[in-house]
Amino acid sequence: MNAIVKNIPNGITCLNLASGVMAILAATHGSSPMWGLTGFAWCWIFIGIAAVADFLDGFAARLLHAYSNLGKELDSLCDLVSFGVAPAVMMFFAMSEYGAQEWSRWLVFLIPVCGALRLARFNIDDRQTTSFIGLPIPANAIFWIGYSALLPQYVGFMMQWYFFTAVVLLESWLMVSPMRFFSLKFKTWGWQGNQWRWLMIVSAVVLIFCMGVPGLLWTMVVYILYSLIDARKG
């Protein structure tokens, strides 16, 4: 029974992986109907489920005192699929569907490559306990969900090779950059010491309420800006 309890966090982590695989499969359907929604919509949903599982596995590990090196490595492997490969496949099919130049579509594979480097560095870096060095890979996935949702509205501009190239290069670089990003994990619920976390939550709620799924893109832009300001003040 004790072994089962200790593996509950790993089971939740595997749900993250399963959701990531489903997101990849859904992305291949593009904007075609799939179970009552478009393939892209299901891709967003499955990446969202993976993000929830990614949060819950750490919560379960702390609650059950079930930390392990296996769980740490498994978490990174699953995150790479759900938040690196899945958004890359999603953007590949989105850019293909909206008529982007063929060569520019292949830039998306920088996303999982830099995501893998980001996760590998995190696993061997003991400085990233209360903040992150480089953009967390789940934040990367959230950005690309917002980008793909906004794409149909500004397709003439956002799929241009020069704009898309700049965004992919910047977003990929942020994951492997030395820039510090604050963690959204609360140790206490007060304002002192949690100012940026509370501001981030309020900003996310407002942006998503006003803009819907495209608001996720601007939520990540705000997260990057808040982290820049926080790093400069620190």
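In which helix is isoleucine 8 found? Isoleucine 8 lies in helix α2 (residues 8–27), where helices are DSSP runs of H or I with at least four residues, numbered from the N terminus. The model is predicted, and local features need pLDDT of at least 70 while side-chain atom pairs count only at pLDDT 80 or more, although totals for chains, interfaces and linings use all residues. Residues are numbered from 1 along each chain as its sequence is written, and side-chain values use heavy atoms, with hydrogens and water left out.

**View A. A nonpolar surface patch that includes isoleucine 8.** Ile8, Val52, Phe55, Leu56, Phe59, Leu63 and Leu64 make a nonpolar surface patch of about 630 Å², with areas from the Shrake-Rupley method and a 1.4 Å probe. Patch members have over 30% relative accessible area and no salt bridge, and nonpolar side chains are joined within 5 Å; a salt bridge is a side-chain nitrogen of Lys or Arg within 4 Å of a carboxyl oxygen of Asp or Glu. Helix α3 (residues 39–64) gives the most to the patch, with six residues. Isoleucine 8 has a relative accessible area of 38% and is therefore partly exposed, the class between buried (under 20%) and exposed (over 50%).

**View B. The largest nonpolar core and tyrosine 147.** This core, a set of buried Ala, Val, Leu, Ile, Met, Phe, Trp, Tyr and Cys residues joined through side-chain atoms within 4.5 Å, has 58 residues, of which Trp144, Tyr147 and Tyr223 touch the most other members. Helix α4 (residues 69–97) gives the most to this core, with ten residues. Leaving aside neighbours within four places in sequence, tyrosine 147 is in contact (heavy atoms within 4.5 Å) with Met91, Met158, Phe163, Phe164, Val167 and Leu217.

**View C. Leucine 150 in helix α7.** Helix α7 spans residues 137–150 and contains leucine 150, which counts as buried because its relative accessibility is 8%. Apart from neighbours within four places in sequence, leucine 150 is in contact with Met158, Pro214, Leu217 and Trp218. Its C-alpha atom is separated by 16 Å from that of asparagine 140, ten residues apart along the chain.

**View D. Cysteines without a disulfide.** A search of the whole structure finds zero disulfides, a disulfide being a pair of cysteine sulfur atoms within 2.5 Å. For cysteine 14 the nearest cysteine sulfur, that of cysteine 78, is 5.5 Å away, whereas for cysteine 114 the nearest, that of cysteine 43, is 19 Å away. Cysteine 14 is partly exposed at 38% relative accessibility, and cysteine 114 is buried at 11%.

Conventions. Buried means under 20% relative accessible area, exposed over 50%, partly exposed in between (1.4 Å probe, protein chains only). Helices (H or I, at least four residues) and strands (E, at least two) are DSSP runs, numbered from the N terminus. Patches are made of residues with over 30% relative accessible area and no salt bridge: like charges are joined within 9 Å, nonpolar side chains (Val, Leu, Ile, Met, Phe, Trp, Tyr) within 5 Å.
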